[in-house]
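The sequence and structure come before the discussion.

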Amino acid sequence: MTALSPELRLWDPPVTYRIGVAMGTHANPYSSELLRSIRAAAAQAGCDVTLADTGDTVSEEAALVRALRADLVDGVLLVPSPGDEAVINGLVRMGVPTVLVDRVAARNDVDQVGTENVYAVASLVKHLTEGRHRKIGLISGDESLDISRERVRGYRLGLEQAGLRFNRELVECGLSTSGGAARATAKLLDGWPSPTALVVADESMLVGVQYEAHRRGIRIGSELAVVGYGDMEWARRVSPAVTTLAQPVADLGRRAVQLLLSRMADPDRPPESVSLTPRFLHGASCGC
């Protein structure tokens, strides 16, 4: 089991609350930035932070959340691992102040903060259709995550708004991994109809899409348009730069801490779900 890691400070102010953070520290390219923003917001509020690395697995998540509770934390910030929601159910049932961060769930009994997905992905599809693309493929994420399903709905909404029919043959699941995305890209490019543009629903999959395109000698931007969801520093440095929707990661962390503090101060208030708007970053990978 991964050891719990209390954050130590050089000064000793009065501690308001002890916050447990359970997340896969290497699950996403932006995990480090998210953790930094949580630490900063907690420190500003005079709170201690205890980090538990779940490894992004449900079994490790369950064990570490139990360890956090045994360590007498006052509340939990949880980036849920893909799989069932047993850990969330347990926290809600026990009345533990909890905020789901980033990977929101389709439920209304727990506070959560994430990024808007449906209309955001629809806007990516619209951007591609304005570039006269009609065969637009989707590399979807892990199907056990609600955010992945929301992004599929956004893709379908974007097609509908453009007057295009949904074609199941243009959708492949990339499992939210680079390897899965490479395999999904290969299947789409080998299939019929072959897409002229791809929407990549998760930043961790963009590397796999880039790899498969380069392996085949396909020029991204001029021969295959690619747009994605996420803000990766490398995506702005490659040529062509990737057109993406950037998640407000720092705001996610700050808002999550604020929600948890409100919950701990007023345990009986109605659960709140906060959806932040991503920022459109235009590169040349979309071909325009």
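The sections below take these topics in turn.

## Basis of the model

This is a predicted model, in which local features need pLDDT of at least 70 and side-chain atom pairs count only at pLDDT 80 or more, while totals for chains, interfaces and linings use all residues. Residues are numbered from 1 along each chain as its sequence is written, and side-chain values use heavy atoms, with hydrogens and water left out.

## Annotated domain

According to the unreviewed UniProt entry, residues 125-286 carry the annotation "domain: Transcriptional regulator LacI/GalR-like sensor"; such annotations may be inferred rather than shown by experiment. Over residues 125-286 the chain is 43% helix and 17% strand, with the end C-alpha atoms 11 Å apart (helices, H or I of at least four residues, and strands, E of at least two, are DSSP runs numbered from the N terminus).

## Cysteines

The structure holds zero disulfides, a disulfide being a pair of cysteine sulfur atoms within 2.5 Å. For C286, the closest cysteine sulfur is that of C288, at 3.2 Å, which is too far for a bond. C286 counts as buried at 5% relative accessibility, and C47 counts as buried at 0% (buried means under 20% relative accessible area, exposed over 50%, and partly exposed in between, with a 1.4 Å probe and protein chains only).

## Salt bridges

Side chains of opposite charge can pair when their charged atoms come close. A search of the whole structure finds 15 salt bridges, each a side-chain nitrogen of Lys or Arg within 4 Å of a carboxyl oxygen of Asp or Glu. One of them joins R107 and D109, whose closest N and O atoms are 2.8 Å apart; R107 is buried at 18% relative accessible area, whereas D109 is partly exposed at 34%.

E172 and K187 form a salt bridge with their closest N and O atoms 3.8 Å apart, and this pair links distant parts of the chain, with E172 in strand 8 (residues 171-173) and K187 in helix 6 (residues 178-190), 15 residues apart. E172 is buried at 19% relative accessible area, while K187 is exposed at 54%.

R255 and E272 also meet in a salt bridge, at 3.3 Å from N to O. Because R255 lies in helix 9 (residues 249-265) and E272 in the loop between helix 9 and strand 12 (273-276), the pair ties together parts that are 17 residues apart in sequence. R255 and E272 belong to a network of salt bridges that also links D111, R263 and R269.
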